[in-house]
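Have a look at the structure, then read on.

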Amino acid sequence: MSKYTVGLWLYQNGGGEAIQRKLIDRLRERDIGVISGLDLAQAMAHKGSVVCNGVVMEDLDLFFSYNAGQQTQYQMYLYEMLDRFIPTINNFQSFALTEDKFKTSHLLRRHGINTPDYCLCRRNNLDALRTSMIDWGGRAVYKPTDGWGGTGIVRLESEAALGMLQPFINQLQTQHFFVERYIVNDHSDYRIDVVDGEFIGCYGRKAPKDDWKTNITSGGSVIIREPNDQVIELAIKAAKVTGLEIAGVDLIYDQEREEYVVLEVNGIPAFATPEQEGFGLNFNECKIEKIANLIERKIIVKKTYEKPAEVKELIYAAS
């Protein structure tokens, strides 16, 4: 019987099943057992416990949730509660923050990290957006604050385009409206993977011909890309500021201002697919190892914290 037990919910498509098997093997080497398939969509809470597939989630030593495509508000709701009782990866507070584009950009800017200039205002205050767009040369990008994969993103070529968006804005359930300055770039980006504050790997994404979105779900393609030290340092700093233990930091190069800009910080950056590994993306093994180390460290920190004060003193004295 393993010394510790971890709950796991990891995506299965795109090579995810093989990644899961390797991660489980790495954790078993550390005397950490794994209960996989703990999809909180199947969970219910009663009598002080969240129960998923017969497992009392609060009895686990850690819960690792890594499935962007099937995440729902119900699962997030339970994820937030579990984070109060057991370690989660990513920790819920940081994960929820980075699910919101405005909150992420605002926090990064407050810490001196370049992001696109932005404006958030009430849906009925388009004058503020027009003023910002004039300052930006008339070009902007509308983004849902909670969207992903490029869904719902609209490029605005002039301030007059705001008027065309008014009927769309009126249908939105959200009370706010978020736009960013359009960054002139070569329609390619960097995705830097960071685990526990360390650089893991990098690749790029390139928009299809006659388009500007690099997202894979929008038709973009993955390309090999070598990051320089500046890009790596910026990504590590962005991950640290948001508090994510595992982060995928998206950057582009602003050709007008001649600087790198952080577009997003993703809390569930995908592993390389088998096809991508075939043409040179070789960071999966390193990423799996670092995640296993991270899980082990977070469990041990929690267990040490839970020990009586006199036991802690002995541990600290021995170290």
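Searching the whole structure turns up two cavities of 30 Å³ or more. A cavity here is a set of points, on a 1 Å grid over the protein atoms alone, where a 1.4 Å probe fits but cannot get out, while a pocket is an open set with protein on both sides within 12 Å along at least five of seven lines; lining residues have an atom within 4 Å of a point. Points are joined across faces, edges and corners, and a volume is the space filled by probe spheres set on them.

Keep in mind that this is a predicted model, where local features need pLDDT of at least 70 and side-chain atom pairs count only at pLDDT 80 or more, though totals for chains, interfaces and linings use all residues. Residues are numbered from 1 along each chain as its sequence is written, and side-chain values use heavy atoms, with hydrogens and water left out.

The largest cavity is lined by 20 residues, and those closest to its centre are Lys143, Trp212, Thr214, Ile252 and Leu263. Strands β11 (176-181), β12 (188-195), β15 (246-254) and β16 (259-266) are the elements that each give two or more residues to this lining. Helices (H or I, at least four residues) and strands (E, at least two) are DSSP runs, numbered from the N terminus.

As for the second largest pocket, its lining includes Phe199, Cys202, Arg225, Glu226 and Phe283. Here are both spaces together:

| Space | Volume | Lining by class |
|---|---|---|
| Largest cavity | about 310 Å³ | eight nonpolar, four polar, eight charged |
| Second largest pocket | about 180 Å³ | seven nonpolar, three polar, two charged |

In these classes, Ala, Val, Leu, Ile, Met, Phe, Trp, Tyr, Cys and Pro are nonpolar, Asp, Glu, Lys and Arg are charged, and the others, Gly among them, are polar.

Now for two helices. α4 (residues 101-110) and α7 (residues 229-242) pack at about 110°, with axes 10 Å apart; axes are lines fitted to C-alpha atoms over the stretch in contact, and angles run from 0 to 180 degrees between N-to-C directions. The pair is therefore roughly perpendicular, a label for angles of 65 to 115 degrees. Thr104, Leu107 and Leu108 of α4 meet Ala238, Val241 and Thr242 of α7, contact being heavy atoms within 4.5 Å. That makes four nonpolar, two polar and no charged residues.

Finally, the backbone. The Ile89 to Asn90 peptide bond is cis, with omega near -10°, and Asn90 sits in the loop between β7 (88-89) and α3 (92-98). Lys47 has a positive phi of about 55° without being a glycine.

Methods
Parallel < 35°, antiparallel > 145°, perpendicular 65-115°, else oblique.
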